[in-house]
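Take a look at the fold below.

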Amino acid sequence: MGEDLRQAFQDVVLNGTIWFVIVASAVFGVFIGAVPGLTATMAVALLVPLTFWLEPTVALAAIVSISACAIFAGDIPTVLLRIPGTPASAAYADDAFKLAKQGHADLALGVALIFSVVGGLFGAVVLMLVGHQLARVAEAFSVAEYFWLYVLGLSCAVIVSGGAVLKALLALLLGLLLATVGLSAVHTQARFTFGLPELYEGINFIPAMIGLFGVSEVLKNLVALKQGRSAAVVAAAAAAQPTMRRRLASLLLAPVSHVLIPACIELRRRIGAVIRSSAIGTAIGMLPGAGADIASWVSMAVAKRWSKKPHSEEASLDGFAEATTANNSALAGAWIPALVFGIPGDSVTAIVIGVLMMKNIKPGPEIFEKQAVLVYSLYMIFILANLVLIPIGLLAIKAGGYVVRVPQRVLLPIILLACVVGAYAISERSFDIWVMLAMGALGFLLERWQVPIGPVVLGIVLGGSLEERFIQTLTGADGSPLAFFDRPLSAVLGIAAIALWVSLLFFRRRPA
């Protein structure tokens with residue numbers, strides 16, 4: 001072990017090529033993550049052709065750095081423009097933008113950076129210390145457990161949404177309805193396609209998410225401009241940038257004093273909550289198919305539940321901070337089943353498994369013995385990638401602030417153009433642009449009626465998986481509903497989900 005660890009240290013920490021790849025990949029990941037719709041998965045997928053000519057350690061360094069930095073970068077447009085840069089950011093888009101409108105954009109972005117780094121480091125430590133043992137928990141999950149896990153994730157979307165529970169439930173049902181469009185994994189006949197071949201594959205949640213959050217915000221600000229009122233984006237821009245006097249301050253000291261130090265103070269205040277959300281994110285991340293998206297929603301719901309003032313400004317920061325921590329810790333958690341069982345924890349690790357197989361490295365329990373140097377190198381890469389994120393993230397925050405200083409009449413068309421590019425880039429179909437515009441109009445109307453948008457997005461994302469697990473569970477038990485409770489773990493998750501909904505519908509009074 002000692003010799004393998006020493007060799008890994010030389011291959012990573014003392015290797016200038018690895019440092020260059022980590023920094024370059026971090027910059028690329030931040031750029032991709034900050035553009036709405038260009039996900040971390042897409043950034044990693046773009047890298048795959050280059051991995052043919054890269055050593056395994058170098059390829060892993062690029063993948064880890066890109067995914068970690070892209071997840072954080074998705075928070076920049078989320079805070080400043082209320083457009084989730086990545087799907088994991090959708091959970092806290094409203095709370096993040098609320099903080100910006102209240103003049104706390106610098107604080108929110110600093111919290112996103114520091115808490116993301118802490119969450120990533122926590123996940124890396126768990127991966128190093130107990131990854132092999134924790135993977136056995138994921139092995140115990142059957143389709144019934146996954147069904148209840150998805151139910152809990154969807155329930156959390158209702159919990160964290162502002163306004164009435166019934167309106168949040170309506171939004172969730174609308175998202176689940178949109179998820180039934182097209183062919184599913186358990187049906188052979190297309191549904192609700194209206195004769196459009198493009199809908200056979202269903203509604204792509206990336207254009208839908210961009211439309212619901214981004215285009216609806218553009219429409220809302222256009223209405224505000226037409227009525228002569230000050231729009232929200234201007235407030236965010238003013239909060240994100242220093243005044244004329246502060247522009248004379250050092251370019252190096254300003255990000256530290258306005259972003260880094262306040263975020264570290266918040267970290268010290270919330271250290272217990274950070275550990276809790278990191279543990280939640282790592283645990284959810286190691287479950288195949290769960291990923292950072294569910295980790296964000298669940299940790300957000302837990303934060304709101306424990307908040308003494310669930311509708312206050314402090315509660316918004318609590319939920320935002322814990323969710324950004326959880327989604328980054330989930331990234332490392334997803335590597336646990338990928339390394340131990342060869343089962344991808346998320347879409348990024350699915351690509352990783354393909355890359356390793358291409359290098360004649362087979363994931364599984366034997367990788368810890370036959371490829372020990374590679375595994376130890378991966379641990380160090382996780383730590384370095386998260387540490388490199390701090391300076392690069394500070395530069396990205398400063399650049400993002402300059403972008404939103406553009407006058408609103410110029411900024412709104414630029415935002416709309418970015419939305420169009422993000423929606424089109426996923427599948428390169430013009431149809432997705434129309435989906436984005438339709439969802440933007442829907443989101444605009446829902447906000448007018450004070451119906452939260454977050455549950456709609458999560459319903460679209462998880463609806464197909466929820467339906468698939470539901471049908472598989474019933475089919476395997478000849479249609480008996482007892483199949484959802486016939487295992488101890490599924491019974492515990494099922495009772496927890498039912499108790500959560502009972503408390504929501506009957507014991508929680510919220511304004512309509």
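Helix α3 crosses α17 in a left-handed way; that is, the near helix is turned anticlockwise from the far one by less than a right angle (clockwise would be right-handed). The model is predicted: local features need pLDDT of at least 70, side-chain atom pairs need 80 or more, and totals for chains, interfaces and linings use all residues. Residues are numbered from 1 along each chain, and side-chain values use heavy atoms, without hydrogens and water.

On the α3 side, T41, V44 and A45 make the contact; on the α17 side, S347, V348 and I351 do. Contact means heavy atoms within 4.5 Å. By class, four of these residues are nonpolar, two are polar and none is charged.

Two packed helices are described by the angle and the distance between their axes. For α3 (residues 40–47) and α17 (residues 347–358), the angle is about 15° and the axes lie 9 Å apart. The two are therefore roughly parallel, a term for angles under 35 degrees.

Now turn to S216. Its place is in helix α10 (residues 205–226). S216 is buried, at 0% relative accessible area; buried means under 20%, exposed over 50%, partly exposed in between, with a 1.4 Å probe and protein chains only. A polar side-chain atom of S216 lies 3.3 Å from the backbone oxygen of F213.

F192 sits between α9 (165–179) and α10. F192 is not a glycine, yet has a positive phi of about 55°. N360 lies between α17 and α18 (367–370). N360 has a positive phi of about 65° and is not a glycine either. Buried or exposed: which is N360? N360 is exposed, at 75% relative accessible area, while F192 is partly exposed at 48%.

Key: Axes are lines fitted to C-alpha atoms, for helices over the stretch in contact, and angles run from 0 to 180 degrees between N-to-C directions. Helices (H or I, at least four residues) and strands (E, at least two) are DSSP runs, numbered from the N terminus. Angles under 35 degrees count as roughly parallel, over 145 as roughly antiparallel, 65 to 115 as roughly perpendicular and the rest as oblique. Ala, Val, Leu, Ile, Met, Phe, Trp, Tyr, Cys and Pro count as nonpolar, Asp, Glu, Lys and Arg as charged, and the others, Gly among them, as polar. A polar contact is a pair of N or O atoms within 3.5 Å; within protein, one must be able to donate a hydrogen and the other to accept it, and residues adjacent in sequence count only if both atoms are side-chain atoms.
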